[in-house]
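Here are my notes for you on this one. Have the viewer open while you go through the points.

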Amino acid sequence: MARPPKVVNKVPNSVPTTEAIPSLEPPATTRRQFLRSSGALLGAAAAGEALAQAPKSGAESPPAIPESMKAPGAPVGGKLYGEPSPYEAKVIRNVPSGLTQYISASSRTPLGDLDGIITPSGLFYERHHGGVPAIDPAEHRLMLHGLVKTPLIFTVDDLRRFPSVSKIYFLECSGNPVYKKPYGKTASDLVGLVSCGEWTGVALRTLFDEAGLMPNAKWVMAEGADAAAMTRSIPLDKCLDDVLVVYSQNGERLRPEQGYPLRLIVPGYEGNMNVKWLRRLKVTDAPVYSREETSKYTDLLPDGTAREFTFCMEAKSIITSPSGGQRVPSPGFVEIRGIAWSGHGKVKRVDVSVDGGRNWAEAVLQEPVLTRSLTRFRYAWRWDGKPTVIQSRAVDETGYVQPTFEELLAKRGDNSFYHNNAVQPWRVATSGEVSNANN
Amino acid sequence: MPTIDARRRASRVCCALLAGAAWFVAFPVIAQTHYGFGRPATAAQLAAWDIDVAPDGKNLPAGSGSVAKGREVYNTQCIACHGAKGEGGIGDKLAGGQGTLATPAPVKTVGSYWPYATTLFDYIRRAMPLNAPQSLSTEEVYAVSGYVLFLNGLVNENAVIDAHTLANLKMPNRNGFIGDQRPDVKDSGCMRDCAK
């Protein structure tokens, strides 16, 4: 088992270490400030400037007794499938406006509004190539064939009988974001094509054992049962390592947008390879060179050549609070929070700079720190009220350091489209308004 | 001397090992990799679903289609999204762009970017037209593949396209792809007084 990553500043949430911030006030004061700040921040994110704390009745509480205490609430079973509070109605997927069509398109996770590492299933980012099919699981079949001794057809119930595996993995679209202007304004606009869930299914290796691999097997073509018949080739070694055929996400059956009733999870590899509505796995001796691995999902370079089979999502992080479109309510204590991840394994460290990238300090990593999962980080900052730029930088267990946008552009130009994992700087204005420092 | 807790832990480990051994002896079949779930696929089932086409033309069906027929199919099925001459619209630009890949404004089309003509047949058959995929006949797919190649100047107007044509057509950007060179950027990870 790998050693756990080094975790510094291992202290309660709102108590910064003196090492990080020498001039900080006593924890009690800080906590009050923090609560005030974070309340206002969340409100600003969810409801804009109108987030007033005062109740509609005009009666300040306390001393007024809350209305919720004066009559029984809604009955048990009033909602047989629970949903968020109506006050959270603005925390929804971020769908780009003005697209020419919405069949092969994407919507983004509202990263700036979320906490923790598990993305709620209903807020998972979407990238579909032929819309979301409506599939009856009783009708659905998975065919496993090609270079196997016994080609097999499985029902969903068959697959649920095999030994099961549950793992937490992130999923990220390879174009998150692209390299060209206009750059997004919010964390969601920029990097909202990443989400993280707990996946339950059967190891693909188990199914290979059942069918029996031929000695010349080298690749596996995965195909979806959607209108795009989405097709990707995956190296066999990866499939034998950690690929799952998944039927559940976050404890319940997959959502239709996530591939109901079956999908592949190819941990750390670009999202489109995690084929949804999985209907066929064909073991081959070479890639099939499908449209999605030739004309799309290849990375064009300035000299006119293009990289193909760029599978892995490299280490990346982003500050989600405070982030673009939000406002820091006042100078003083601000907990900088964000997410980090790497397709190559665990996040080893996240550095944060609050002075435009001149100096950096290690952030606290929130346990659990899991391989190919989102990892939460936080950093205790005391903002002096002056304009500045804040940003985060992930380092993964291979030692790879998340690069700056300038470093990526210098190597790849701005037509590469995929695999932009650059550091994202946020400008904090005197007013507290936060915006994309690249704009 | 071990503490009570340590002894309890050791005892638990021993029990687990013994239980594991007993389980293995009692149910050896579980240790095998074969579970017997799923059913063998029949030849007819395999043939109906096995639609992917390899760059060498393997798995392309018998049959053919002419560029002339392809023009008819294109003007009925494709023109609304891809434009009269493959110039694009709601759908991707399909023609032109050769020689632009190394410029600041590259134009990626079938003719300028796609490495294999077989992929054109494969993709049209599985996913086009957008509103009714898998509705075209084999002849129509060959024909319209041929017409897109014609729009790119890669076959002539009188051509008839079949498996042989697609597998043997050397696309202009066939050698334009290289492997994954990442990590291609190495940030120093500077912590103090870094250049901005």
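1. In which sense, parallel or antiparallel, do strand E14 of chain A and E4(B) pair? They run in the parallel sense, and the pairing has two bridges. E14 of chain A covers residues 306–307. If you want one pair to click on, take Arg307(A): its bridge partner in E4(B) is Ile178(B). Keep in mind as you look that this is a predicted model.

2. Now look at the contact between the chains as a whole. Chain A puts in 57 residues and chain B puts in 47. On the chain B side, the elements giving two or more residues are strand E1 (39–40), helix H2 (43–49), helix H5 (118–127) and strand E4 (177–178). H5(B) has the largest share of that side, with five residues. As for the kinds of residue chain B brings to the contact, 26 are nonpolar, nine are polar and 12 are charged.

3. Next, the inside. The largest nonpolar core has 138 residues, and the members that touch the most others are Val220(A), Leu244(A), Val245(A) and Val144(B). Which element gives the most to this core? That would be helix H6 of chain B (residues 138–151), with nine residues. Within chain A, domain 1 (105–306) and domain 2 (316–436) both supply residues, so the core lies between them. As background, nonpolar side chains in soluble globular proteins tend to be buried together.

4. Skipping its neighbours within four places in sequence, its contacts are Val165(A), Lys167(A), Trp199(A), Gly201(A), Val202(A), Ala203(A), Leu204(A) and Ile265(A). Leu204(A), one of these contacts, takes us to the next point.

5. Leu204(A) is one of the buried residues of helix H4 of chain A (residues 204–211). Why do they sit on the same side of H4(A)? Because they cover an arc of only 155° around the axis. What do they pack against? Their partners in chain A are strand E3 (142–146), strand E4 (152–154), strand E6 (194–203), helix H5 (236–241) and strand E9 (244–249). Just after H4(A) comes Gly212(A), with a positive phi of about 80°.

6. Trp277(A) has phi near 50°, and its place is the loop between strand E11 (263–265) and strand E12 (278–284) of chain A. Is Trp277(A) buried or exposed? It is buried, because 26 other C-beta atoms lie within 10 Å and 20 or more is enough to count. Tyr289(A) has a positive phi of about 55° and is found in the loop between E12 and strand E13 (299–300) of chain A. Tyr289(A) counts as buried too, with 24 C-beta neighbours inside 10 Å.

7. Finally, have a look at two cis peptide bonds. One runs from Asn176(A) to Pro177(A), with omega near -5°; Pro177(A) is in the loop between strand E5 (165–172) and helix H3 (187–191) of chain A. Another joins Glu367(A) and Pro368(A), where omega is about 0°. You'll find Pro368(A) in the loop between strand E19 (364–365) and strand E20 (375–383) of chain A.

Notes. Residues are numbered from 1 along each chain as its sequence is written. Chains are lettered from A and ligands numbered from 1 in the order in which they are written. This is a predicted model: local features need pLDDT of at least 70, side-chain atom pairs count only at pLDDT 80 or more; totals for chains, interfaces and linings use all residues. A nonpolar core is a set of buried Ala, Val, Leu, Ile, Met, Phe, Trp, Tyr and Cys residues joined through C-beta atoms within 7 Å. A residue is buried if 20 or more other C-beta atoms lie within 10 Å of its own, exposed if 12 or fewer, and partly exposed in between; C-beta atoms are placed from the backbone. Helices (H or I, at least four residues) and strands (E, at least two) are DSSP runs, numbered from the N terminus. Domain bounds come from an automatic or database domain assignment. Two residues are in contact if their C-beta atoms, placed from the backbone, lie within 7 Å. Ala, Val, Leu, Ile, Met, Phe, Trp, Tyr, Cys and Pro count as nonpolar, Asp, Glu, Lys and Arg as charged, and the others, Gly among them, as polar. Two strands pair if DSSP finds at least two bridges between them. The arc is that of the directions from the helix axis to the C-beta atoms.
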